[in-house]
Amino acid sequence: ETAVIVGGQLDAILLWQHTSDNTAIVTLGSDNSSIDELGYQWLLSRQRVVIAMDNDDSGALTAKKWLQTIPQ
């Protein structure tokens, strides 16, 4: 199963409309939020995690944070 991490709720809704049922769309609500342990363990159990942040400074910093957090 694939999880796609996006920056905000609108991103999640828009992407959800165009993905299959076996793709989970994940957002923390803002670039500055952090994930709790249960959410982190769930992400680690996914076969693939795609990071899809906005193309701006905040999105770049958040993507870098996720790349250091999620090994797959």
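Leaving aside neighbours within four places in sequence, S34 is in contact with L28 and K65, contact meaning heavy atoms within 4.5 Å. S34 lies in the loop between β2 and α2; helices (H or I, at least four residues) and strands (E, at least two) are DSSP runs, numbered from the N terminus. At 61% relative accessibility, S34 counts as exposed, where buried means under 20% relative accessible area, exposed over 50%, and partly exposed in between (1.4 Å probe, protein chains only). The C-alpha atoms of S34 and A12 are separated by 17 Å, and the two residues are 22 apart along the chain.

The model is predicted: local features need pLDDT of at least 70, side-chain atom pairs count only at pLDDT 80 or more, and totals for chains, interfaces and linings use all residues. Residues are numbered from 1 along each chain as its sequence is written, and side-chain values use heavy atoms, with hydrogens and water left out.

The strands form an open sheet of three, in the order β2-β1-β3, with parallel pairing. The edge strands are β2 and β3, each of which pairs on one side only. From one strand to the next the twist averages 25°; axes are lines fitted to C-alpha atoms, for helices over the stretch in contact, and angles run from 0 to 180 degrees between N-to-C directions. Strands of a sheet pair through backbone hydrogen bonds, either parallel or antiparallel. Two strands are taken to pair if DSSP finds at least two bridges between them.

On one side, strand β1 (residues 2-6) pairs in the parallel sense with strand β2 (residues 23-27) over five bridges. Within this pairing, the bridge partner of A3 in β2 is A24, and that of I5 is V26. Five bridges also join β1 to β3, and these two strands run parallel. Here A3 has V49 of β3 as its bridge partner, while V4 is partnered by V50.

Strand β1 is mostly covered, five of its five residues being buried. T2, V4 and V6 point one way from β1, and A3 and I5 point the other way; all are buried. T2 has a relative accessibility of 15% and therefore counts as buried. Not counting residues up to four places away in sequence, T2 touches N22, T23, A24, R48 and V50. The side chain of T2 also makes a polar contact with the side chain of R48 (3.4 Å). A polar contact is a pair of N or O atoms within 3.5 Å; within protein, one must be able to donate a hydrogen and the other to accept it, and residues adjacent in sequence count only if both atoms are side-chain atoms.

T23 has its place in strand β2 and is buried, with a relative accessible area of 19%. With residues up to four places away in sequence not counted, T23 touches T2 and V4. T23 and V4 are 19 residues apart along the chain, and their C-alpha atoms are separated by 7.3 Å.

Side chains of opposite charge can pair when their charged atoms come close. A salt bridge is defined as a side-chain nitrogen of Lys or Arg within 4 Å of a carboxyl oxygen of Asp or Glu, and by this rule the count comes to one. R46 forms a salt bridge with E1, the closest N and O atoms being 3.0 Å apart. R46 lies in the loop between α2 (37-44) and β3 (48-52) and E1 in the segment before β1, so the pair ties together parts that are 45 residues apart in sequence. R46 counts as buried at 16% relative accessibility, whereas E1, at 42%, counts as partly exposed.
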